[in-house]
Amino acid sequence: MGAATNYQVDASGTTYDYFKPGEPLDDVEQTISAAVDKGFDTLREEHINDYKNLFDRVTLNLNVPQIPDKMTDDLLAGYGKENTTEEDRYLEMLFYQYGRYLLISSFRENSVLPANLQGIWAQGLSPSWDSDFHTNINLQMNYWLAEQTNLTECHTAVIRYINSLVEKGKVTAKKYYCQQDGSDVRGWVIHHENNIWGNTNPSNYTTAFYFPAAAAWMCQDIWDKYQFNSDKDFLEENFDTMLQAALFWVDNLWEDTRDGTLVANPSYSPEHGVFSLGCTSDQAIIWELFEEVKLASQVLGKENDPEIKEITETQKKLYMPKADRLAGSWQSGKTKPPLKLQIQINTGIRTMSQSSTPAPMYRPAGPTGTMKCLRRSGLHWRSAATAAPAGARRGRSICGRGCGTETAPKSS
């Protein structure tokens, strides 16, 4: 994007100046000329060395002594069926590294933009969903593996993008939201549909447009990157982005007069619904943002700041849904009946419906900031009320996408 056009990110977030001066064709011609001067062999060698510097950091072997003598399509078709155990494990190893390959191929530290719904590739001038950044699960999913698979350099573009939305998100917060007494809210907000032009407003998509918890969810990329790198300077630079997202919810939560707890109102589980008080995903995302801001404040010596005390007191009053594990139900919203879940022992690879989107069953972190993923248990959780499965860690669905019938891959 930055190499072939005159686009530039509005880094300050205070203008709509998205175009660099000059003729973009000149930059393209210079880039091509420099590549031609190097020659194919040199370019290929530089590319391989650059790629291997990242890819070779992680080796995964699930006790597979040799590569199966099968094409990948055949391994996929036979997964959990006629494949041997070693063949299934090899396929799992292959998909793990394939995810890393896609991330490496999409980003470097100087990348202009993060991956959109098509990654960085789009065929034609009318790509699906306009190549937007959807922050009700999709953009987050692109980066879940960045730190966990030792590709931290590939993580920076999305964090720069998050920061670029803050100032415009403050305007949206004041225009769309207010405190329970009608006064202005602090902080910033985004919704499910964002783009390269800094949109932070709700979209006109009827079932997905309302997701003000998106900014809180995206802030977890900042905390993840700090946890894996322990870079206090980085955390200091990005702390205010997290803090302002938390202060939005300190002000925007409403007190339920029935029991005194604080809830997101109204609340809509992403692309799942219905409108309610304090749906599970919103409440858990907000709880975890509060927790991460508190932990970050301790690292930076800000734990006694008045805003942190506000966040701490608000978190204590936050309504949190309860899971009834014996009855197999989870309260999916404060004003909704429990979402009935069926547990199915894992028997093979999932099959996915292309039209459904996960309704995140988001579970917040424990005292150490770690989270458990239901996917790792080898269980399949399917909602009896909807075709989309209930998700798990940080709002992730069991399969990472919505599906009508799905069985999680086998644990190894």
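1. Let's begin with how the chain folds back on itself. Among contacts between residues at least 6 apart in sequence, 66% join residues at least 24 apart. Please keep in mind as you look around that this is a predicted model.

2. Now for an overview. The chain is built with 13 helices and ten strands. Of its 412 residues, 50% count as buried. The chain exposes about 20,200 Å², and carbon and sulfur atoms supply 52% of that area.

3. Next, take a look inside. The largest nonpolar core has 72 residues, and the members that touch the most others are Leu103, Trp188, Trp249, Phe290, Val293 and Ile311. Which helix gives the most to this core? Helix 11 does, with eleven residues. Apart from this core lies another one, of six residues, which include Leu75, Tyr79, Tyr90 and Met93.

4. Leaving aside residues up to four places away in sequence, Trp188 touches Ile162, Leu165, Val166, Gly169, Lys170, Ala173, Ala215, Cys219, Thr241, Gln244, Ala245 and Phe248.

5. Let's move to the surface. Here a nonpolar patch is formed by Leu76, Phe95, Tyr98, Tyr101, Leu102, Ile120 and Trp121. Together these residues have about 660 Å² of accessible area. Helix 4, which covers residues 85–106, supplies the largest share of the patch, with four residues.

6. Leu102 lies in helix 4.

7. After helix 1 comes Gly39, with a positive phi near 90°.

8. Most residues other than glycine have a negative phi, and most peptide bonds are trans. The residues and bonds below are therefore worth a look against that background.

9. Asn150 is not a glycine, yet its phi is positive, at about 65°. Where is Asn150 placed? Asn150 sits in the loop between helix 6 (145–148) and helix 7 (156–164). With a relative accessibility of 37%, Asn150 counts as partly exposed. Ser230, also not a glycine, has a positive phi of about 50°. Ser230 belongs to the loop between helix 10 (220–229) and helix 11 (232–252). Ser230 counts as exposed because its relative accessibility is 53%, and exposed means over 50%.

10. Finally, check the peptide bonds. Which form does the bond from Asn265 to Pro266 take, cis or trans? The bond is cis, with omega near -5°. Pro266 is in the loop between strand 4 (262–263) and strand 5 (267–268). The peptide bond from Gly273 to Val274 is cis too, with omega near -5°. Val274 lies in the loop that runs between strand 5 and strand 6 (275–276).

Conventions
Residues numbered from 1 in each chain as written. Predicted model: local features only at pLDDT ≥ 70, side-chain atom pairs only at ≥ 80, totals over all residues. Heavy atoms only, no water. Patch = residues over 30% accessible without salt bridge, like charges linked within 9 Å, V, L, I, M, F, W, Y side chains within 5 Å. Areas by Shrake-Rupley, 256 points an atom, 1.4 Å probe, with all protein chains shown as cover. Salt bridge = Lys/Arg side-chain N within 4 Å of Asp/Glu carboxyl O. Helix = DSSP H or I, 4+ residues; strand = E, 2+ residues; numbered from the N terminus. Buried < 20%, exposed > 50% of the residue type's maximum accessible area, 1.4 Å probe, protein only. Core = buried A, V, L, I, M, F, W, Y, C linked by side-chain atoms within 4.5 Å. Contact = heavy atoms within 4.5 Å.
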